[in-house]
Amino acid sequence: MLHLQNVSVTFPPDVRALDNVNLQFRQGQFTVLLGQSGAGKSTLLRCLNLLQSPTQGLVVGDDDQCLSGLNKHAPRLRQHRRHTAMVFQMHQLILRQSAVKNVLVGMLAGQLAYKSLMPNTKADLQWAMHCLERVDLLEKARTRCDQLSGGQRQRVGIARALAQRPRYLLADEPVASLDPGTANRVLSLIQKVCDQDQITAIVSLHQVELARAYAQRVIALADGQVIFDGPPNALSDEHLARIYKTNQQTVNASDDHPSIPKPPTTTPKEIEDEIQLAQSVQRYVGSTVLRPGHDQHRQCRQQNQS
Ligand SMILES: Nc1ncnc2c1ncn2[C@@H]1O[C@H](COP(=O)(O)OP(=O)(O)O)[C@@H](O)[C@H]1O
Ligand SMILES: [Mg+2]
């Protein structure tokens, strides 16, 4: 069971992004992290796959194995990352590549460098197509992602995560840039596939209504602290006022009702992370996934033409 024990994260000079957080995540549970911008949601998610190391406390993975403090090449950490898929707000797809190529990238997650240099096999391609079928996008498999709608792109992102055969799915504001109808469809899809595969889903959101509709468990954060942990029907107006009024400055600057917070802003660090991720994915795709001349590439072209 994934477990955070007394986890704190302090960024220099003294930003306390997480403050003594203790949480356990039960297998197969759908958890929503709720909190206004700056509450610590992204930092918590990043701790769960050790993209962010806690400054204090421990991250404990399956079989009670401690994951924090390990070298990034440690087999235990690599295995944890292989089992942990991410879905991002801006889906992080390579827009000029097809949906299926983007899904194939998900299968490289956690693989050793030499393996990622091997061409994809027919079985890889079949698995990627199966994942696209699960998000109802089989007919768009060969379509370039820049020709897909926002909701379809996010579904490709979900298929890419599924391609990894994850045990954990971490989604950071996966519907923040979608209209309400599409947001509902995408969340309901995440919920369905995670339920079918008994994937432990931890999804950060800023919309209370969506948390109420989809979460089995809500964890609310404010100023890096857990201020609510329970079923969504136990969230009271008082809790909501606490969640969204904690940062007095933000609330004063907004005329909105506290239960309808402003959408999150992207921090420069997140933008930098997104660029780095896109560049590393680009490197993989440019050099390894279905290079011209590979059998699979020819096969794709033939199928496209037929
Ligand atoms: N790399 C970083 N360096 C400095 N401060 C950071 C960094 N990442 C996050 N923070 C700060 O930590 C706090 C929590 O941020 P974050 O986890 O991104 O919150 P959320 O995802 O809920 O908006 C914020 O005050 C944010 O400015
Ligand atoms: Mg965030």
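User: Where does D136 sit in the chain's secondary structure?
Analyst: In this predicted model, D136 belongs to the loop between α5 and α6. Its phi is near 65°, a positive value in a residue other than glycine.

User: And is D136 buried or exposed, or something in between?
Analyst: D136 counts as partly exposed, because 13 C-beta neighbours lie inside 10 Å.

User: Is N6 buried or exposed, then?
Analyst: N6 is exposed, because 11 other C-beta atoms lie within 10 Å, where 12 or fewer is the cut-off for that class. Setting aside neighbours within four places in sequence, the contacts of N6 are N20, N22, Q56 and G57.

User: OK, changing topic to helices: at what angle do α5 and α6 cross?
Analyst: The axes of α5 (residues 122-134) and α6 cross at roughly 135° and come within 8 Å, and the two helices are therefore oblique to each other. On the α5 side the contact is made by W127, A128, C131, L132 and R134, and on the α6 side by A159, L162 and A163.

User: What about α6 and α7, how are they oriented?
Analyst: Their axes cross at roughly 15° and come within 10 Å, with α7 spanning residues 180-197, so α6 and α7 are roughly parallel to each other. From α6 the contact involves G150, G151, Q154, R155, I158 and L162, and these meet T182, R185, V186, L189, I190 and V193 of α7.

User: And which handedness does the α6 and α7 crossing have?
Analyst: α6 passes α7 in a right-handed crossing.

User: How does α3 pack on α6?
Analyst: Helix α3, residues 99-106, packs at an angle of about 35° to α6, with the axes 7 Å apart. The residues that make this contact are A99, N102, V103, V105 and G106 of α3, together with V156, A159, R160, A161 and A163 of α6.

User: How many residues of α3 are buried?
Analyst: Eight of its eight residues are buried, so the helix is described as mostly covered. They are A99, V100, K101, N102, V103, L104, V105 and G106.

User: Now the core: which residues touch the most other members of the largest nonpolar core?
Analyst: That core has 74 residues, and V103, L132, A159 and L169 touch the most other members. Helix α6, residues 150-163, contributes the largest share, six residues. Not counting residues up to four places away in sequence, L132 touches A99, V100, V103, L137, L138, A141 and A159.

User: One more residue, I219: which residues does it contact?
Analyst: I219 lies in strand β8, residues 217-222, and its contacts, leaving aside neighbours within four places in sequence, are L23, T31, L33, V226 and D229. I219 is buried, because 23 other C-beta atoms lie within 10 Å. The C-alpha atoms of I219 and L23 are separated by 9.2 Å, although these residues are 196 residues apart along the chain.

User: And what are the totals for the chain's helices and strands?
Analyst: The secondary structure comes to twelve helices and nine strands. Of the 306 residues, 40% count as buried, and residues 24 or more positions apart account for 69% of the contacts with a separation of 6 or more.

How values were computed: Residues numbered from 1 in each chain as written. Chains lettered and ligands numbered in written order. Predicted model: local features only at pLDDT ≥ 70, side-chain atom pairs only at ≥ 80, totals over all residues. Core = buried A, V, L, I, M, F, W, Y, C linked by C-beta atoms within 7 Å. Buried ≥ 20, exposed ≤ 12 C-beta atoms within 10 Å, placed from the backbone. Helix = DSSP H or I, 4+ residues; strand = E, 2+ residues; numbered from the N terminus. Contact = placed C-beta atoms within 7 Å. Axes fitted to C-alpha atoms, helices over the stretch in contact; angles between N-to-C directions. Parallel < 35°, antiparallel > 145°, perpendicular 65-115°, else oblique. Left-handed = near helix turned anticlockwise from the far one by under 90°.
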